[in-house]
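Thanks for coming, everyone. Please have a look at the structure first, and then I will walk through it.

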Amino acid sequence: MSVPSALGNATGSVLGTSVFPLSVADEPEVVLVSDLHLRPETREDNAAFHELIASVPDGGLLVVLGDLFDFWVGTKQLHDDSWRSVTECLRVASLRGVRIYTLWGNRDFQLNAGFERAIGCRVVPGALLLQGGARPLLCLHGDELCQNDRAYQKAKRRLRSRPVRALLDIAPFFVSRRLAEQARTVSKKTVAAALPSSLHPSVDAMAKIRALGEVDTLFGHIHLAAAGALPGDGPTLRYWVLPAFEADSRGHVRLVPGGEPRLFECGDQRSWPGPPPLGP
Ligand SMILES: [Mn+2]
């Protein structure tokens, strides 16, 4: 098994997220998907993802924009029998030469080099800038755009701090799994209590992407297919939002370098909906 080539150095950062360039100039097509939230219990979603991976030819490129897993606490999760059934299709695809890049989402930022070695995917601790098309395409998870959700942004810094990550690493799986489940419950309650506008991508945050220059943007996280133009002054820069990948809709994007991202649901190409609700 060969892990896709190592990422170069980050060439910049946006909203605290490092940006790693990746050339796709020679790719016939790139498949992009986000927010699968796979876990042993989501059997139908797991099977649907298995079929999506099977549609990627040997040597093809698959990019996951984060939250591939509903939670990931560390390498020990690889050795849990029920989780092996979730990760196996990734390993098998890597073995037949599919190159898989997976970005950290807010649920699986503990994906690390141990996961890369065992499964053959390349973990991206930040964002990818796909180069080689008409205009570079920034691929982000999207949680960094939700700056009005102060409680989440604070929790994100805490959860990704060294002590918490070290604790997750050394604790037995059943302990760190419980911690992850608790964090999930708290986040669901916060979501239920928060004003909806604070959970939307912020206009201010989206305008900050313009600091990277003339790039278009693709992100996920808000579980809603959408498309629009980046706010702010300057040239028209576009963005697209990937829906969550679920068995009944199988939403994903196919990109031929030089073309625009095309949205697919239930196996058919769909026209992009309009912009998502945005917060201040
Ligand atoms: Mn997310």
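One definition before we start. A residue is buried if 20 or more other C-beta atoms lie within 10 Å of its own, exposed if 12 or fewer, and partly exposed in between. Keep that in mind for His 37. His 37 has 19 C-beta neighbours inside 10 Å, so His 37 counts as partly exposed. And note that this is a predicted model.

Stay with His 37 for a moment. Where is His 37 placed? In the loop between S3 and H1. Its phi is positive, about 50°, although His 37 is not a glycine. For background, most residues other than glycine have a negative phi.

There is a second case, His 221. Here phi is near 75°, again a positive value in a residue other than glycine. His 221 is placed in the loop between S9 and S10. Is His 221 buried or exposed? Buried, because 24 other C-beta atoms lie within 10 Å.

S3 covers residues 30-33 and S4 covers residues 61-64. The two pair in the parallel sense over 4 bridges.

Next, strand S11, residues 238-241. Strand S9, residues 216-219, is joined to S11 by 3 bridges, and those two run parallel. Phe 219 has Val 241 in S11 as its bridge partner. Strand S10, residues 226-229, is joined to S11 by 4 bridges, and here the sense is antiparallel. Ala 229 is bridged to Arg 238 of S11.

On to helix H1, residues 43-54. H1 has 12 residues and reaches 16 Å from its first C-alpha to its last. That is close to the 16 Å expected at 1.5 Å a residue. Which residues of H1 are buried? Asp 45, Phe 49 and Ile 53. Seen down the axis of H1, the buried residues fall within an arc of 80°, so they line one face of the helix. They pack against S4 and helix H2, residues 81-95. On the other side of H1, Glu 44, Ala 47 and Glu 51 are exposed.

Ala 48 is also in helix H1. Ala 48 counts as partly exposed, because it has 18 C-beta neighbours inside 10 Å. Leave aside neighbours within four places in sequence, and Ala 48 is in contact with Ala 247 and Arg 250. Compare the position of Leu 15: Ala 48 and Leu 15 are 33 residues apart in sequence and 33 Å apart in space, C-alpha to C-alpha.

Last, the core. The largest nonpolar core has 68 residues. Those touching the most other members are Leu 32, Val 63, Ala 127, Leu 128, Leu 129, Leu 138 and Cys 139. Take Ala 127. Beyond its neighbours within four places in sequence, its contacts are Val 14, Thr 17, Val 19, Leu 103, Leu 138, Cys 139 and Leu 140.

Definitions and conventions:
Residues are numbered from 1 along each chain as its sequence is written. This is a predicted model: local features need pLDDT of at least 70, side-chain atom pairs count only at pLDDT 80 or more; totals for chains, interfaces and linings use all residues. Two strands pair if DSSP finds at least two bridges between them. A nonpolar core is a set of buried Ala, Val, Leu, Ile, Met, Phe, Trp, Tyr and Cys residues joined through C-beta atoms within 7 Å. Two residues are in contact if their C-beta atoms, placed from the backbone, lie within 7 Å. The expected span of a helix is 1.5 Å times one less than its number of residues. The arc is that of the directions from the helix axis to the C-beta atoms.
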